[in-house]
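Please find below a colleague's note on the model under review. It is set out as numbered points, to be read alongside the sequence and the coordinates.

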Amino acid sequence: MPSARSEPISLAARRAHLNAIVEAVLGCDELDDPRWHELSMIFSTTRGGRNFGNSGYAYGDMSAWWAVALPVLTVKPAVLAYLDAVLGSVPETLCRVLLKYNRVNGRVRIEVERHNPQRWDITPGNARSMQASLRPGFW
């Protein structure tokens with residue numbers, strides 16, 4: 001059973017973890033395309049981080065978007081370190097982390113979902129609505 005964190009991590013520590021995740025994500029060749037301005041990524045983990053996957057969307061001008069998946073070994077350490085710092089451990093049950101990022105203004109938002117991780121399930125039936133709802137919109 002994951003241990004509960006007794007007190008929140010400091011703002012400086014949280015920022016350091018967010019920066020580490022963003023740096024790992026931006027370091028991936030999959031995002032070399034200069035046309036994207038915003039990004040949403042969903043990182044999924046189970047079994048204390050032993051199972052890990054990700055998917056998301058890169059967003060360009062107007063309504064342009066494309067699906068993205070990043071190399072697990074590149075992003076996994078930063079995401080698991082964040083979960084460990086924020087939650088006290090990486091959960092054994094399904095846990096999802098949503099990263100929203102705007103590379104024009106540098107804004108970033110991250111959200112952890114342990115209680116209803118299915119809320120970010122992307123299926124053929126909801127793919128269009130999910131890509132729209134996950135768009136950061138940090139302008």
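1. Basis of the note. The model is predicted, and local features need pLDDT of at least 70, while side-chain atom pairs count only at pLDDT 80 or more and totals for chains, interfaces and linings use all residues. Residues are numbered from 1 along each chain as its sequence is written, and side-chain values use heavy atoms, with hydrogens and water left out.

2. Helix α1. Helices (H or I, at least four residues) and strands (E, at least two) are DSSP runs, numbered from the N terminus. Helix α1 spans residues 11-26, 16 residues in total. From its first C-alpha to its last it reaches 22 Å, close to the 22 Å expected at 1.5 Å a residue; the expected span is 1.5 Å times one less than the number of residues.

3. The residues H17, L18, I21, V22, A24 and V25 of α1 are buried. Seen down the axis of α1, its buried residues fall within an arc of 160 degrees, so they line one face of the helix; the arc is that of the directions from the helix axis to the C-beta atoms. The face turned away from the buried side carries the exposed residues A12, R15 and E23.

4. Cover over α1. The buried residues of α1 are covered by elements that include β1 (38-46), α2 (72-87), β4 (95-102) and β5 (108-113).

5. Two strands pair if DSSP finds at least two bridges between them. β1 and β2 (51-59) pair in the antiparallel sense over 9 bridges, and S44 has G53 in β2 as its bridge partner. The two strands form a hairpin with 4 residues between them. In its turn, R47 has a positive phi of about 55 degrees, although R47 is a residue other than glycine. R47 is partly exposed, at 43% relative accessibility.

6. Hairpin of β2 and β3. Antiparallel pairing also joins β2 to β3 (65-68), over 4 bridges. The bridge partner of A58 is W66 in β3. This hairpin has 5 residues between the strands, and M62 takes a positive phi near 55 degrees. M62 lies in the loop between β2 and β3 and is exposed, at 77% relative accessibility.

7. Cysteines. Which cysteine sulfur is closest to that of C28? It is the sulfur of C95, 20 Å away and too far for a bond. The structure holds 0 disulfides, a disulfide being a pair of cysteine sulfur atoms within 2.5 Å. C28 is buried, with a relative accessible area of 2%, and C95 is buried as well, with a value of 0%.

8. Residue Q118. Where does Q118 lie? Its place is in the loop between β5 and α3 (127-133), and at 44% relative accessibility Q118 counts as partly exposed. Q118 and C95 are 23 residues apart in sequence and 9.3 Å apart in space, C-alpha to C-alpha. Leaving aside its neighbours within four places in sequence, Q118 is in contact (heavy atoms within 4.5 Å) with L94 and R96.

Definitions and conventions
Buried means under 20% relative accessible area, exposed over 50%, partly exposed in between (1.4 Å probe, protein chains only).
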